Amino acid sequence: MSEYCASSEELEYLNRALRTLSGSNRALLRAEDEGFLLQEICRVIVEEAGYRLAWIGRAERDAEQSVTPVAHAGLEQAYVDSLHMTWADRERGRGPTGTAIRTGRPTISRDILTDPKVTPWRESAIVHGIASVLSLPLRVEGEIFGGIGICASEPDAFGEREVELLSEAAEDLAFGIEALRIKARRRQAELQVAALNRALSTRVAVNHAVIHATDEVPLLKEICRVLVDDCGYRLAWVNYRQKDDEQPSRPMAYHGFDEGFLSVGTTWRASAEGMAFIRDLENRLATGHPVVMRDLANISDMPLRSEALERGYSAALVLPLLIEDELIGMLLIMAGSPDAFDEQEVSLLQATANDLSFGISTLRTRARAMEAEATVRRMAYTDLLTGLPNRVRLRELLEDAIANARQERRSFAVLHLEIARNQEINETLGYREGDRLQLEIATRLTQAVGPDRPVARMGECEFAVLMPNGGAEQASQLAKQILVALYEPVELSGLYLEARASIGISLFPGHGTDPEALIRRSGSAMEQAKRSNAGFALFQGGLDQECAQHLTLMGDLRRAIDRNELLLYYQPKIQISSNKVCGTEALVRWRHPQHGMLPPDEFVKLAENTGLITPLTLWVLDTALGQRYAWHEEGDERPISVNLSAHDLRDPRLLERIRGSFATWGAKPHWIEFELTESALMEDPVAALDTLCELKKLESHLTIDDFGTGYSSLAYLQKLPVDSLKIDQSFVTDMTSNDGSAKIVRSIIELAHNLDLTVVAEGVEDQLTLTQLGQFGCDIAQGYRISQPIPADQFKAWEKQSAWH
């Protein structure tokens, strides 16, 4: 049986139908409103597909069952208007369009000259070059919306395949109309929600102000501003009640169009009439109910009515401010509309006033608590005689100084001094004179060292000075200044007595890295100064037992690295979406021959402080590559993550060493992923960026570890050629119990995904956290809920028995 071959004429018909379908789909993608879509479809049918005329009619539900043209292309508007079609079952409704609408099926008139159903339109159609017509119904949301008419210049157009394609285009158009209507309804619903939100904006803004307020008067000013600027009222002000017969109320804050109205009101309130009105108003407000005055123009006995109307105030609302059922004041609001303050609005504003009252009460309670706390703190942290920080406060100051010095990589000094003969003075002249000596020494010290160097009193005639910046030379110069300041005799009971001092100096970090060590060693140096009669001395005790232990441990660690005596454990990571292990992180362990298994933080920190971190990193990398090669031989292609420290990033030979290790094992780029802490990157952002770019040239997968703790900027983050963010476990661990942590985790996940980065969460300790991370869209999880770090030789057995295989 021979195959059917379409004629060139049929192919052309099919091509224009295909052009119609294609153009219609493009129009559907671009359309934002229904009118544009309908007109664009008609244009496509005529201008792109080549039909003579396209028009769309809407089936009306009127008595005539008329069809209204809503869009057309190809011929002038007058011709389309002249069609006068209906979809009723009568003469002008039995043409293609009326029939298609009435029956819901495509209708064709193949030859205008011979088809009796198009008699009413034949002559006009011939004049306009129309020979055949196809009408297709448009079914929108289950009902016939209308029809689309397509007219061709040639008779016998619209073959079976062409009709199928055009019907598909009509169905797509109907779907597009339906989608746009749904979108329009959704937009309308959104507008209604927005209107509701505007009604609630007052209370939301007040609550926000109350939450963030630190002082009462700024809170009141902000509330008045919100009522006027954000919510559209004409004027708002707050009056507080006064226990004063001559001035029963006091203005506290206002905002809005005043034009002297408040000053007129102040004068009026001082009158007998005004005072009587205020007392009556307060009595009404004390019951907890607001006072509403709508349409002021029609309230003849309204005080200051003419002044209010002159300024455009047409309605007023007075709301009570109550604390523990006691009226403390009132919130007054003036509106420009006489119909303002209906029942619902008053109810909302009453709730707002209640929130404000709660905020005022909270601030007052907080102020009393802060005052009490400040008193306790002064007693706990301040020397009662001199007003200087005491020994407890000095420790806090040293902790802050140590943290700042670590971050800024600088040194500082502690000067410990003692005044001689204090006990002798107390015994001879009495403790009152001894206290005068202490006060004089404190005054001279603070003047000598300046305001930026805290002075603390450590005990009886024993003081300390914190020099926040500088080394041995600067500390020695400061000690000399102090000795000069104390050189002049002190007058006590008519006697001039010398205040001889001995000063000891300790330095961070050389003499200690914690407050106790610095205080202890400065005291030791002070004793040396006493023995030498030199006035001051720098701590010369050498490394103490703690330093000696660190030295010994440092030597042991170097030998452990060289002799391959360390252990490498592997902590699994799972893909949350599949609950499958997707990789591991290599974590170093050290079983010391004498001290047993040492905490990683202890010896890793030691390695960072002694320059051993890079050899340790290279040992971890080489060992991980060896294990990765073994797993590769077994067909396991999951990556191992290796950590790089800030010191590693500064190593000029880092890339060379990594290339060498990769070459040794024939490693592929995907074998190893490098993790770098955010804080390490921020120590030297420019150099870190250069190193990351070079690592990326090796096609390495890069992850920012401990993200959220390093204060990197979004601008810097965008520049980094990284692939993943690992959320710091301090946020992950608390996310199920702390809304703030949960919000931070969700925000980091959204931020990372917006930057096309994978998100890893570490510190996943329980199933609830893992589930919530999955709901937030996190990609990978790691933590004790999945597994503790595992030795390599136990990993496969663990995986087979786990829930993650």
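## Around T97

T97 touches W55, V67, M85 and S135, leaving aside residues up to four places away in sequence; a contact here means heavy atoms within 4.5 Å. This is a predicted model, where local features need pLDDT of at least 70 and side-chain atom pairs count only at pLDDT 80 or more, while totals for chains, interfaces and linings use all residues. Residues are numbered from 1 along each chain as its sequence is written, and side-chain values use heavy atoms, with hydrogens and water left out.

You will find T97 in helix α4, residues 96–103. Helices (H or I, at least four residues) and strands (E, at least two) are DSSP runs numbered from the N terminus. T97 counts as buried because its relative accessibility is 3%; buried means under 20% relative accessible area, exposed over 50%, and partly exposed in between (1.4 Å probe, protein chains only).

## Around S109

S109 sits in strand β3, residues 107–109, and is buried, at a relative accessible area of 0%. Its side chain makes a polar contact with the side chain of D115, at 2.7 Å. A polar contact is a pair of N or O atoms within 3.5 Å; within protein, one must be able to donate a hydrogen and the other to accept it, and residues adjacent in sequence count only if both atoms are side-chain atoms.

Not counting residues up to four places away in sequence, S109 touches P96, D115, V118, S132 and V133.

## Backbone details in loops

D295 is in the loop between β8 (291–293) and α10 (305–310) and is partly exposed, at 28%. F341 lies in the loop between β10 (326–335) and α11 (343–381) and is buried, at 2%.

The peptide bond from F508 to P509 is cis, with omega near 5°. P509 belongs to the loop between β16 (501–508) and α16 (515–532).

## The whole chain

The chain holds 28 helices and 27 strands. Its radius of gyration is 43 Å, well over the 28 Å that the globule rule gives for 805 residues, so the chain is more spread out than a compact globule. That radius is taken over C-alpha atoms, and the rule is 2.2 Å times the number of residues to the power 0.38.

Along its principal axes, the C-alpha trace spans about 135 × 100 × 45 Å. Buried residues make up 47% of the 805 residues.
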